[in-house]
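Here is a quick tour of how two chains meet, plus a few local details worth a look. Have the viewer open as you read.

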Amino acid sequence: MASMTGSSASKPEKTNIRYFFPKDPDKSGAKFSFLRRKKDLIEEAPVDEHKLKKWRTGEPSKGYARTKFHSQKIRAREKVFEKVAEKSARAELLCAEEQGSLEAEKTYQITQNDIRSTADEATQQKIFDLRLDQFGPYRLDYTRNGRHLVIGGAKGHVAAFDWQTKNLHCEINVMETVADVKWLHQETMFAVAQRKNVYIYDNQGIELHCLKHLDSALRLEFLPYHFLLVSASAKGYLSYLDVSIGKEISGICTKQGRLDILTVNPQSAIVHLGHPNGTVSLWTPNMKEPAAKILCHASCLRDVSVDASGNYMATTGMDRRLKIFDLRTYKELSRFQYNKRQCPGVLDFSQKGILAVSRENVVELYQDMTNQAYRPERPYLYHRCDRLIQDVMFCPYEDVLGIGHSLGFSSIVVPGSGEANFDALEANPFQSKSQRKQTEVRMLLDKVQPEMITLGGGIGEVDFKTAAELQEERNKTKFLKPSKIDFTPRHKMKGANKAGKIVQRKKGVQEQHMRAAVRDIVRTKQVEGRLNQRNSSRPGLPEGTSSLQRLKKKSA
Amino acid sequence: MATISKKKSFSLKVLSRNPEDYRRETKLDIHKAPQNPETYLHPFTLGREYQRALNATKLERVFAKPFLCGLDGHRDTIQALAKFPTRLAHVLSAASDGEVRLWDLSTKKCVSSVAAHDGLVHSLCAHRSGQFFLSTGQDANIKFWSCSEEGRIGSEPVRTILNKNVYQGIDHHEKEDIFVTCGQSLDVWAGDRSQPYQSYKWGLDSMHYVKFNRIETHLIAVAADDRSVMLYDTRGGSGVQKLVMRMKTNSLCWNPMQAYMFTAACDDFNLYTYDIRNLRIASNKYEDHIGAVMDVDYAPTGKEFVTAGYDRCIRIFNVADGHSRDVYTTKRMQRVNHILWSMDNKYILSGSDEMNVRLWKARASEKLGVIKPREKTAFNTMETLKKTFKDHPEIKRIARHRHLPKLIYTQKKQIREQKDAQKKKESNRRFHSKPGTVPFVADRTKQVVDIKE
């Protein structure tokens with residue numbers, strides 16, 4: 001070993017590391033230069049703590065992992081998360097557009113005419129009415145980027161247009177009842193629920209597909225990240241159709257009668273169905289039963305809507321109530337009772353949380369409804385249409401609400417309803433044709449599988465068992481009995497096939513099996529004994545987890 | 001756009017975007033893409049990332065075509081491969097018929113060849129300057145050959161040293177004009193002297209493989225036929241340490257980034273990495289081969305190494321893991337005896353029994369050639385995604401799947417069964433013995449028989 005220490009002596013001293021370019025690389029040890037950049041040259045301004053708080057996804061872990069290595073790994077990962085939060089907080093500065101607002105003492109007194117008279121020309125163009133009195137009442141749908149609109153009259157009139165430039169894509173009469181219209185992933189295609197089947201048209205009004213297995217559909221929804229067209233039918237069927245491959249992913253017989261209330265949670269892609277008995281049922285394509293059921297009203301349900309964050313649900317019922325639910329706890333947050341003869345009808349949440357509620361021919365707009373303490377006396381805004389309202393929908397990324405009614409379609413301005421800063425990689429109102437094509441390819445590549453639609457326990461969530469659950473599992477295995485084995489021994493010659501011998505052989509095998517099983521049980525007990533000892537000092541475990549517990553008297 | 005009305009007195013601000021702010025000005029610009037990190041605008045982020053990772057993993061397997069070309073021309077079994085410290089494209093190979101060839105990897109052609117020895121060539125190595133190379137053969141000669149910048153080998157050796165004994169291994173010092181040969185004894189040669197200036201012997205058996213350490217340049221590791229690996233220092237008069245293992249070490253390689261680590265390719269189908277400061281326990285054991293491991297070479301990063309197996313496959317290992325990250329086979333490749341990892345960390349060369357030198361990619365699905373910055377970024381993103389989701393069962397399954405020849409597949413299963421049976425037997429024995437009489441022995445110490453100093 002003597003010469004080994006000699007080689008270690010030639011190492012550079014730790015206290016003073018100097019890297020340099022040797023003139024003659026053959027003669028000296030070091031070959032490379034690692035010039036270290038001074039850290040104090042560039043210093044970023046620190047981000048406000050309250051701004052950071054918004055972007056943090058969770059608290060850093062406090063404890064330690066089983067080994068130091070894993071603890072360090074977790075810490076390193078947490079550093080990355082912190083950096084992401086910091087970068088997001090910094091990026092907030094780049095979101096330049098400001099959210100709309102309306103400030104007055106009595107905002108509900110301000111009409112669309114007042115807004116039109118004071119707003120700029122582009123906004124004035126957004127307030128308009130389409131008088132289509134022959135084919136109403138109308139249903140409507142905006143594209144995800146809020147640029148295009150399709151309206152469908154109950155008597156067969158379907159029109160698609162770019163509502164900002166008022167550029168008509170197509171206008172057709174399908175010569176059938178139209179129950180609902182829905183854009184597919186982009187403005188090139190839309191689906192129309194007609195009397196018998198669902199049809200898909202392109203934006204020139206050419207019929208592309210007739211979906212015969214989605215029969216007598218009443219409501220349509222589209223899940224853009226999964227490419228799923230969801231239809232709820234008059235016969236009580238809920239169907240999921242993958243429009244990218246044209247396959248029906250799942251068809252569920254809900255056994256709940258006519259399904260004319262359908263909405264989708266935009267964050268989890270869970271379908272909410274409203275039923276005449278006052279319940280809302282939550283569905284995924286992977287289960288034949290509802291994932292959850294919520295009894296919302298004591299009477300027939302009118303409409304359901306889920307807000308953009310996916311955390312709140314608003315419902316209206318025939319009992320003249322508007323209720324807000326928290327979907328994380330399934331608890332009612334607040335309820336609003338309407339006066340006699342005023343029954344709230346259709347609902348829609350805007351991106352920024354403004355709730356539109358129709359009652360007969362009036363639309364009421366409420367702000368901040370998901371705040372439990374907020375009890376508005378009057379709505380934020382009113383708008384009165386001429387006839388009964390059939391459908392309302394907020395336009396994404398615009399301060400605009402579209403209203404479909406018996407007399408056609410109205411577009412009104414609701415300041416502060418839309419998201420001011422769009423993300424061009426998700427939805428871009430100003431996208432060019434080439435961008436649209438590229439986005440389509442991207443969307444198809446990133447298509448999320450329908451199996452991943454779950455109510456809790458999705459991807460990225462830790463599926464951990466509590467100590468108590470683990471204990472219970474161990475307790476279960478402890479009393480396991482060895483399984484019986486029954487077999488017919490092989491036929492043997494020369495007197496070995498006598499009845500007694502056969503039984504003997506059989507018994508031998510069975511006993512061997514039994515011994516192995518007993519051995520296993522003994523081993524698990526040994527392991528468990530050690531665990532019990534360790535757990536006895538651990539807080540948080542329920543009483544009676546010890547293996548000796550079963551010997552205690554029940555009454556004690 | 002805020003305005004104040006006089007009649008009802010309210011201030012109004014409505015979203016009204018100017019399209020000119022969001023469209024590119026000219027066709028030569030790139031499209032504007034404003035971003036908003038707000039969470040609710042990005043639903044299913046994890047789901048989509050998972051999908052991307054899954055797609056990336058699938059594409060990785062689709063593009064995994066590691067075999068680049070076969071360098072054919074030798075008329076006998078490949079006996080040695082050598083790389084130059086100063087040239088990337090040139091590689092030397094020697095065959096059993098005494099022929100040495102120099103290959104240009106950029107053109108995939110043989111530049112020149114020379115009949116170097118009578119009988120087989122035992123070993124090759126390049127001179128530290130890169131202008132010469134050395135060869136030893138069955139005719140007991142050590143020959144110096146010049147080779148020009150273009151790769152022309154001189155027709156006559158520059159220098160020949162005649163010996164009595166055959167030398168089986170040769171290696172050149174990293175910085176000085178010293179080279180070392182092994183055979184009946186370990187000899188250190190310097191300068192123009194025709195006699196070794198130092199000769200070591202430790203035990204009776206002959207030595208078959210020798211390698212200089214590239215960092216601690218005076219350190220030598222030698223593999224001997226008596227199942228031992230010996231460490232020598234050329235400045236000392238005798239050996240430093242001798243490690244005796246259960247089975248013979250066929251070849252070994254120093255880690256180019258950690259001077260004190262080396263990996264030994266062993267006859268017991270495994271490889272062992274040792275820290276020379278403590279040879280009692282291997283710092284890692286690498287399983288997966290189902291035949292003797294014939295050769296091993298480190299990547300210049302020191303993070304990975306490649307092995308040649310008697311089981312007709314090449315395996316690539318991460319230094320930190322115990323199992324191979326990839327395996328290369330072809331239908332025609334026979335027993336692989338020699339392996340090289342190129343100095344640019346991109347290619348692997350293998351020399352096998354059926355007279356072929358094969359060129360492989362070091363990362364099977366890597367795109368070769370110029371990669372533009374955006375493409376590079378995309379690849380990096382995919383790598384990160386794959387890493388993030390690597391433990392998800394579906395992704396893991398796809399990433400691990402390899403189509404193996406039937407022989408390897410069944411043999412591996414058999415070996416697995418044998419190991420399980422041994423484990424079970426040991427545990428049974430422990431269970432039925434008095435506690436403490438059957439101790440737990442670490443797998444990494446089992447192969448060490450003795451250490452002498």
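## Salt bridges and polar contacts

How many salt bridges are there between chain B and chain A? The count comes to 5, bearing in mind that this is a predicted model.

Sorted by class, the side of chain B that touches chain A holds 21 nonpolar, 19 polar and 14 charged residues.

Interface size is often quoted as the accessible area lost when the parts come together. Here, chain A and chain B bury about 5700 Å² between them, and 56% of that is on carbon and sulfur atoms. Which residues of chain B lose the most area to chain A? They are L15(B), R17(B) and Y40(B), which together make up 14% of what the chain B side buries. As for head count, 73 residues of chain A and 54 residues of chain B take part in the contact.

## A strand pairing between the chains

The two chains also share some β pairing. Strand β1 of chain A, residues 101–103, runs antiparallel to β2(B), and 3 bridges join them. To find the spot, look for L102(A), which stands opposite L12(B) in β2(B).

## A four-strand sheet in chain B

Over in chain B there is an open sheet of 4 strands, in the order β3-β30-β29-β28, with antiparallel pairing. The edge positions go to β3 (67–71) and β28 (336–341) of chain B; each has a single partner strand, so one side of each is left without a neighbour in the sheet. Direction ignored, neighbouring strands of this sheet are turned by 20° against each other on average.

Within that order, β29 (residues 347–352) and β30 (residues 357–361) of chain B pair in the antiparallel sense over 5 bridges. S350(B) has R358(B) as its bridge partner in β30(B).

## A four-strand sheet in chain A

Chain A has an open sheet of 4 strands too, ordered β23-β24-β25-β26, with antiparallel pairing. Its edge strands are β23 (347–349) and β26 (381–384) of chain A, each pairing on one side only. From one strand to the next, the twist averages 15°.

Strands β24 (residues 355–359) and β25 (residues 362–366) of chain A are joined in the antiparallel sense over 5 bridges. In this pair, V357(A) stands opposite E364(A) in β25(A).

Most peptide bonds are trans, and most residues other than glycine have a negative phi. Against that background, the bond joining G136(A) and P137(A) is cis, with omega at about -5°. Where is P137(A) found? Look in the loop between β2 (128–131) and β3 (138–142) of chain A.

K166(A) is the other one to check: this residue is not a glycine, yet its phi is positive, at about 60°. K166(A) lies in the loop between β5 (157–162) and β6 (167–173) of chain A.

How values were computed
Residues are numbered from 1 along each chain as its sequence is written. Chains are lettered from A and ligands numbered from 1 in the order in which they are written. This is a predicted model: local features need pLDDT of at least 70, side-chain atom pairs count only at pLDDT 80 or more; totals for chains, interfaces and linings use all residues. Side-chain values use heavy atoms; hydrogens and water are left out. Contact means heavy atoms within 4.5 Å. Buried area is the accessible area (1.4 Å probe) that two parts lose on being put together, summed over both. A salt bridge is a side-chain nitrogen of Lys or Arg within 4 Å of a carboxyl oxygen of Asp or Glu. Ala, Val, Leu, Ile, Met, Phe, Trp, Tyr, Cys and Pro count as nonpolar, Asp, Glu, Lys and Arg as charged, and the others, Gly among them, as polar. Two strands pair if DSSP finds at least two bridges between them. Axes are lines fitted to C-alpha atoms, for helices over the stretch in contact, and angles run from 0 to 180 degrees between N-to-C directions.
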